[in-house]
Amino acid sequence: MKALDYASDITLPDERVAVCGDWHGNVGWARIIARALPALAPEVTTMLHLGDWQMPPIETDEVFAETNINKIYVTLGNHDNWGEITPLLNTRPGAAVRVSDITWLLPRPARLTIGGRLVLSLGGAASVDRQSRIEGLTWWPDEAITDEQVAAAIAGGPADLMLTHETPARTPVRRVRDILRTNPHRFPTTALAESAASRMRVTEVWNAVRPELLIHGHMHAPGGGKIEDGRRVASLGRDVQVGNLGILDMDTLRMATPHPSILRGLAEQWEDDYVEREKRAASAAKSLDSMAVDGRAPSPDALRDAQDYVDGRRSLDELIEGVRRRHTRPAEEEGEEDGLDAR
């Protein structure tokens, strides 16, 4: 992983954005999201990811190449590779770092403005499964949210929206409360204590900046809730889980979370449509390559013309006229350029 660019000021005009919980490097799931998004929210161009990202940068660009998503901002999680990430972020403290054509890793804390809303990002969390991991390979101390990061986040002032990986303490999300109360995976006491301290750091910031909505991942427990003063918390699910993807309206800060069955159905429809488009494009290109218009031979741009037609960018009449006027040349000229005797 390497730094391709840095940005200290992130201001976006987006009225709606996609928000996703943990993916854990699941490229297949990312592909389902990418194929479903154009049908769900074709106007959405920005994704906010809530950590445990672990996606290969080059594959991320490939997955989203045929969508309108052109920016992904990652609020980092505990299971991201801090061994590679920390040096990149330390090069320009406080700046986001771009690691692929569309992927930006956010510092801790990070401030963004999206659709006129003030957004605070504070990544990191405690790994309750730390005892099963290897330091420097699958676990890094830099996952922890520090007192200095808490102070910097608070110093930045109020926010409308807060993005975290860690959940706040005393969450109003019932499913998260149940997991914290029952410890179903029997994590050790020391790990639970570190997790509680991490949640308290998030809570300290949450109570200071008082966002209308806080969205987090990490717990793999999708749900939502509201506390007495009206502030809301949304917990997103992990890859393949219900509630992994949300479409967030930046005006109302309300979020819709389509069911995975809907996402898979749309992704399958995209694949069916894609195969059909490819067949039609190949057929159209073959026709263009084999025909002659007024005694002129088609140029190598025939495939591009065919794709324009299949994708609905140009009508058949426009395509034929374009071939006639711009993408053809006399057959005798083609022969001369190829070193052939056209006489």
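## Who lines the largest pocket

Helix H5 (174–182) and helix H6 each give at least two residues to the lining of the largest pocket. H6 supplies the largest share, three residues. Helices here are DSSP runs of H or I with at least four residues, numbered from the N terminus. This is a predicted model, where local features need pLDDT of at least 70 and side-chain atom pairs count only at pLDDT 80 or more, while totals for chains, interfaces and linings use all residues. Residues are numbered from 1 along each chain as its sequence is written, and side-chain values use heavy atoms, with hydrogens and water left out.

The pocket's volume is about 540 Å³. A pocket is an open set of points on a 1 Å grid over the protein atoms alone, where a 1.4 Å probe fits, with protein on both sides within 12 Å along at least five of seven lines; lining residues have an atom within 4 Å of a point. Of its 23 lining residues, Val128, His185, Phe187, His218 and Met219 lie nearest the centre.

## A look at helix H6

Buried residues (under 20% relative accessible area, 1.4 Å probe, protein chains only) of H6 include Ala191, Arg199 and Trp206. On the face turned away are Thr189 and Thr190, both exposed (over 50%).

Key. Grid points are joined across faces, edges and corners, and a volume is the space filled by probe spheres set on the points.
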